[in-house]
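User: I would like to go through this structure and ask what each label rests on. Please set the values against the cut-offs as we go.
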Amino acid sequence: MIIWKEETTINANIEQVWELFRDKNIKRIMPKVISHELVEGEETVAGAKHQQTYGEGKRVETYIVHTLAYEDHEGEKYKKVNFILGKAFDTTFSFKLLKESEQQTRLIYEGQNKGANFVGKAMLKLTGKKQDNRVVLEFLERVKKEAESS
């Protein structure tokens with residue numbers, strides 16, 4: 001199992017950062033997502049389900065993303081999701097935004113990726129912690145760049 005928790009401070013208003021996590025903007029912060037369509041519930045409510053298609057090179061996977069938690073308060077935003085990728089990886093992660101000031105937001109990104117079957121468990125053992133951490137840090141940088149340039 002791979003577990004991560006990283007955070008960064010973004011020089012942008014909390015609402016501006018939160019907007020990046022809306023369905024219509026998800027490709028801006030997750031460019032490998034090909035499509036992201038609501039299939040059940042409402043976007044802004046726990047229990048929502050989205051069909052998401054993700055591409056990595058020639059490989060394309062489609063899966064259901066379950067929104068486990070969704071909170072939208074003035075000074076704090078939170079979204080937690082789960083999906084199983086390729087029947088091999090069970091991934092859960094969350095985004096928490098905290099209002100530091102009118103033009104500064106702290107983003108806390110945490111989650112876990114565990115093998116859903118023998119193949120997934122073996123592949124995670126072969127994946128280096130350094131590689132996984134690089135992906136997490138690149139995501140934080142992408143969100144920061146998009147929010148600060150909006």
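User: How many salt bridges does a search of the whole structure find?

Analyst: The model is predicted, and a search of the whole structure finds 13 salt bridges.

User: Why is the contact of Glu7 with Arg106 called a salt bridge?

Analyst: The closest N and O atoms of Glu7 and Arg106 are 3.4 Å apart. The rule asks for a side-chain nitrogen of Lys or Arg within 4 Å of a carboxyl oxygen of Asp or Glu, so the pair qualifies.

User: What does the pair of Glu7 and Arg106 tie together?

Analyst: Glu7 sits in strand 1 (residues 2–10) and Arg106 in strand 7 (residues 104–115), so the bridge ties together parts that are 99 residues apart in sequence. Glu7 and Arg106 also belong to a network of salt bridges that includes Glu100.

User: Why are Glu7 and Arg106 called partly exposed?

Analyst: Glu7 has 43% relative accessibility, and Arg106 has a relative accessible area of 25%. Buried means under 20% and exposed means over 50%, so both values fall in between and the two residues count as partly exposed.

User: What makes Lys32 and Glu56 a salt bridge?

Analyst: Their closest N and O atoms are 2.9 Å apart. The limit is 4 Å, so Lys32 and Glu56 meet the rule. Lys32 is in the loop between helix 2 (26–29) and strand 2 (33–40), while Glu56 is in strand 3 (residues 49–56). The two residues are 24 apart, and the pair links distant parts of the chain.

User: Are Lys32 and Glu56 buried, exposed or partly exposed?

Analyst: Lys32 has a relative accessible area of 41%, and Glu56 has 41% relative accessibility. Those values lie between the 20% and 50% cut-offs, so Lys32 and Glu56 are partly exposed.

User: How do you know that Glu61 and Arg59 form a salt bridge?

Analyst: Their side chains meet at 2.8 Å, N to O. Arg59 is partly exposed, with a relative accessible area of 46%.

User: What is the strand order of the open sheet, and how do the strands pair?

Analyst: The sheet has 7 strands in the order 1-7-6-5-4-3-2, with antiparallel pairing. The twist averages 20° from one strand to the next.

User: Why do strand 1 and strand 2 stand at the edges?

Analyst: Strand 1 and strand 2 each have a single partner strand, so one side of each is left without a neighbour in the sheet.

User: How do you know that strand 2 and strand 3 pair?

Analyst: Pairing needs at least two bridges, and strand 2 and strand 3 have 6, so they pair, in the antiparallel sense. Within strand 3, Lys49 is the bridge partner of Glu40.

User: What are the partners of strand 5?

Analyst: Strand 4 (residues 59–72) pairs with strand 5 in the antiparallel sense over 6 bridges. Strand 6 (residues 89–101) is joined to strand 5 by 10 bridges, also running antiparallel. Val81 in strand 5 is the bridge partner of Thr67, and the partner of Val81 in strand 6 is Phe93.

User: How many residues lie between the strands of each hairpin?

Analyst: Strand 4 and strand 5 form a hairpin with 3 residues between them. The hairpin of strand 5 and strand 6 has 3 residues between the strands, and Gly86 there takes a positive phi near 55°.

User: What makes strand 5 mostly covered?

Analyst: Of the 10 residues in strand 5 (residues 76–85), 7 are buried. Buried means under 20% relative accessible area, so 7 of its 10 residues fall below that cut-off.

User: What lines the largest pocket, and how much space lies in it?

Analyst: About 1300 Å³ of space lies in the largest pocket. Its lining has 40 residues, and Tyr54, Glu56, Leu85, Asn113 and Val135 lie nearest the centre. Helix 4 (residues 129–149) gives the most to the lining, with 8 residues. By class the lining residues are 23 nonpolar, 8 polar and 9 charged.

User: How many cavities of 30 Å³ or more are counted, and what lines the largest?

Analyst: The count comes to 1 cavity of 30 Å³ or more. The largest cavity has a volume of about 40 Å³, and its lining is Trp18, Phe21, Arg22, Glu43, Tyr70 and Lys79.

User: Which classes make up the lining of the largest cavity?

Analyst: The lining of the largest cavity has 3 nonpolar and 3 charged residues, with no polar ones.

Conventions: Residues numbered from 1 in each chain as written. Predicted model: local features only at pLDDT ≥ 70, side-chain atom pairs only at ≥ 80, totals over all residues. Heavy atoms only, no water. 1 Å grid on protein atoms, 1.4 Å probe; cavity = no way out; pocket = protein on both sides within 12 Å on 5 of 7 lines; lining within 4 Å. Points joined across faces, edges and corners; volume = space filled by probe spheres on them. Helix = DSSP H or I, 4+ residues; strand = E, 2+ residues; numbered from the N terminus. Nonpolar A, V, L, I, M, F, W, Y, C, P; charged D, E, K, R; others polar. Buried < 20%, exposed > 50% of the residue type's maximum accessible area, 1.4 Å probe, protein only. Axes fitted to C-alpha atoms, helices over the stretch in contact; angles between N-to-C directions.
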